[in-house]
Amino acid sequence: METVKADVAIIGAGGAGLRAAIALAQADPKLRIALISKVYPMRSHTCAAEGGAAGVIKADDSLEHHFNDTVGGGDWLCDQDAVDYLVQEAPKELIQLEHWGCPWSREPNGSVAVRPFGGMKKQRTWFAADKSGFHILHTLFQTSLQFDSIQRFDEYYATELLVDEGRCAGLAAIEMRSGQMRRFDARAVIIAGGGAGRMFPFTTNGAIKTGDGMALAYRAGVPLKDMEFVQYHPTGLPSTGTLLTEACRGEGGVLLNKNGRRFLQDYGMGPETPLGKPVLKTMELGPRDRVSQAFWHEQRKGNAVPTQWGDAMLLDMRHLGEKKINERLPLVRDMSISYMGVDPVTDPVPVRPVVHYMMGGIHTDINAATPLPGLFAAGECACVSINGANRLGSNSLTELLVFGRRAALSAMAYAQSARPAGDAALAALGAAAQARVRELMQRSGGTETVAGLRKEMMHTMEQNAGIYRTHEGLTEACAKLADLRRRYRRIELHDKTNVYNTDLLQALELGSMLDCAEAVTQSALARKESRGAHQRLDFVERDDKNYLRHSLAVYHPEQAPRVDYKDVVITRSQPGVRDYSGGHE
Amino acid sequence: MGERTVELEVLRYNPETDKEPRFQRYSVKCREEWVVLDALNHVKETQDPTLSYRWSCHMAVCGSCGMMINREPKLACKTFVRNYEGVIRVEPLAHFPIERDLVTVIDDFMDKLKRVRPYIIPKQAKAVADGEYLQTPAELKKFKQYSMCINCMLCYAACPEYGLIPKYVGPAAIALAHRYNQDSRDGGRDQRQEEIAATEGAWECSFVGACSEVCPEHVDPAGAIQQVKIKSTVDWYTEHLMPWLKK
């Protein structure tokens, strides 16, 4: 098997992976860096982020405000030492991106402009119109091109981590172009593989977001933390799930029910604020979990707007005027017209909550290190945790920069002291990885298809693991997913050729999603309280006595995961009431 | 909105099993709001799992799903089936080798991107602790349009020069170099000139303008290329006729 030797191997070349690669290349030009991704870097889903990245920069703001917004927004499930690190590093990272050429939108005097965002007490979201993630990703990718020590392996799909004597020593990956297996021997590995929204049928996530990075770590014995916390973004287009950024509301857009009422005032986020004059941290600038939950209640009251794609609410931006919409929200206008046939300049746009982001992920500490020596993780696939039970919009782009860099520095320090694994051991691990893929490729007499199982998985997730959950629904989902995992072993591929085999790729991605989905539903079943994005109709209150703890789902190849718990790190903010009424301080 | 049956004629080529490309027909019941990508996904899920193509975001920002649709370079995620009558022919992007089916080999493009040095080469290095560079909205506007490229390569498929002379640096890469040249923070223009103002750079362009016509992000690479030509002409005159003006 062809083998690549690296000091640090990075799986995933989106925002976090690229940031890590650049940090490594800058820290030590002699490091051999292998950047491995199943897609070309600029296809990574970071490109779809629209609104912006949070970092304290203006005189009226403070790190303490950003800390408090994040911890309260996360319903006190964030690790507060990690949040401190995030808010303190955030402005440096955003300025660094500015130096690398990111076309941030500007104030008339040339300083960086910021915009309001949900759950944030001050304006601190740096943005590049409504294509912030796109510009961040391309700025990082283009910047990375000046470092010859970053060796890219585009369109390589990592199938497993190589773990030798309790340490992560590399990975095995399929080169899509040839279908051949490659072995990467590395002193340290960083996973930056993104989220897993595709386990749901209705999501803003691109096709590539199938939880592969999470599954790699999980199967290697690293727990997945807080997986029950799945963020619904309130405003997706009902036809395709395409995201309309929270900046629509930050700029002054409002949400209406079928009677034209700004219904958020009926769900603890009032009183109503003047039209076109958004007030921070209330009404339409409430946090995502609360806004999505309010829609669910409106729907049950019969106040939703019926569309051919199901119930919706209306996002009204007409009062912003054509000039502001074109300047600040050009992509939103373009997509509303293209995919819904509605021009936000003249009509309200139907929207509904849509699966957007995984707060949970690979269990890491504040240094981006996992419990498996040699393995680090950053970005959406990781759970540090700075997002707790509900992420605030514009903290994730910041997170992937801050912790992408952090992962690089930790991995470098580890790689310098780690002794390399033995060649014979790695060869055996690589051969075993190859045999597993070959078995799937060559299997005959299988009775299941990728598309069939995927559909059943998505259906059960939507039915039972959505905005509101119950014991019965989650029990059903857990049983269903256990069944699907069993049936997965009987999949047979239609395509048994080598070159760019997407039938094989989708089968492997389905395997990742099934494992992640089971971690979601088992963790959700075990958490008998309502907190942030995890809402139980049978346990409606937050229960700090029993559940002010992170869940840790531990993989088992045959059975359901075991769910353990770990205390939240609280340094100075004791759990309190999340107040998004206009009366908050 | 209703449904209608659409005939897709898709280029198929698997280097392991096919001597040469062929076309395969699929009948797909499409919803009114579907794009060509939705139709391809439907084929892959319900009719033919062997069909290979790239896609991800379904919102025209990841740049993966460029293909020829009725001989025009398009993003499959933004091309509505309702705008077509009769058979819709789907082929891989022109001017790139076929890896398999609708998947092309894009090594040449990736190499060219790197060669134009698409990153800030600062006029004056600045530490992060010293804060951001000031850049007025007017200065931002000078390059913003050229920073919108999603690397979908539709412009390369549309460009007759690139079809004839593969060494030509091409629209997206030249526009990207121009983007950095125009950035008030940058001082690297001289270093980029050897790539983009050379024979195989901007001067290869015969200004057909097809690149700008097909660009889904309105980057206007043709405009960027003409500006590069003008500036390098000024460079030439400055150097040869008025050397005392140089720097």
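**Reading the model**

Modeller: In chain B, 50% of the 247 residues are buried, where buried requires 20 or more other C-beta atoms, placed from the backbone, within 10 Å of a residue's own. This is a predicted model, in which local features need pLDDT of at least 70, side-chain atom pairs count only at pLDDT 80 or more, and totals for chains, interfaces and linings use all residues. Residues are numbered from 1 along each chain as its sequence is written, while chains are lettered from A and ligands numbered from 1 in the order in which they are written.

Colleague: How many helices and strands are there in chain B?

Modeller: Helices (H or I, at least four residues) and strands (E, at least two) are DSSP runs, numbered from the N terminus. Chain B has nine helices and seven strands, and its C-alpha trace spans about 70 × 40 × 30 Å along the principal axes.

Colleague: Which elements of chain B give two or more residues to the side that touches chain A?

Modeller: Two residues are in contact if their C-beta atoms, placed from the backbone, lie within 7 Å. The contact involves 43 residues from chain B and 45 residues from chain A. The elements of chain B in question are strand 6 (98–100) and helix 3 (137–144). Helix 3 of chain B gives the most, with three residues.

Colleague: At what angle do helix 1 and helix 4 of chain A pack?

Modeller: Two packed helices are described by the angle between their axes and the distance between the axes. Axes are lines fitted to C-alpha atoms, for helices over the stretch in contact, and angles run from 0 to 180 degrees between N-to-C directions. Helix 1 (residues 15–27) and helix 4 (residues 132–144) of chain A pack at about 30°, with their axes 9 Å apart. The two helices are therefore roughly parallel to each other, a term for angles under 35 degrees. Residues A:Gly15, A:Leu18, A:Arg19, A:Ala21 and A:Ile22 of helix 1 meet residues of helix 4, among them A:Ile136, A:Leu137 and A:Phe141.

Colleague: Which residues of helix 9 of chain A are buried?

Modeller: In helix 9 (residues 330–340) of chain A, the buried residues are A:Leu331, A:Val332, A:Arg333, A:Met335, A:Ser336, A:Tyr339 and A:Met340. Their cover includes helix 6 (247–250), helix 8 (321–328) and strand 15 (349–358) of chain A. After helix 9 of chain A comes A:Gly341, with a positive phi near 70°.

Conventions: Buried ≥ 20, exposed ≤ 12 C-beta atoms within 10 Å, placed from the backbone. Parallel < 35°, antiparallel > 145°, perpendicular 65-115°, else oblique.
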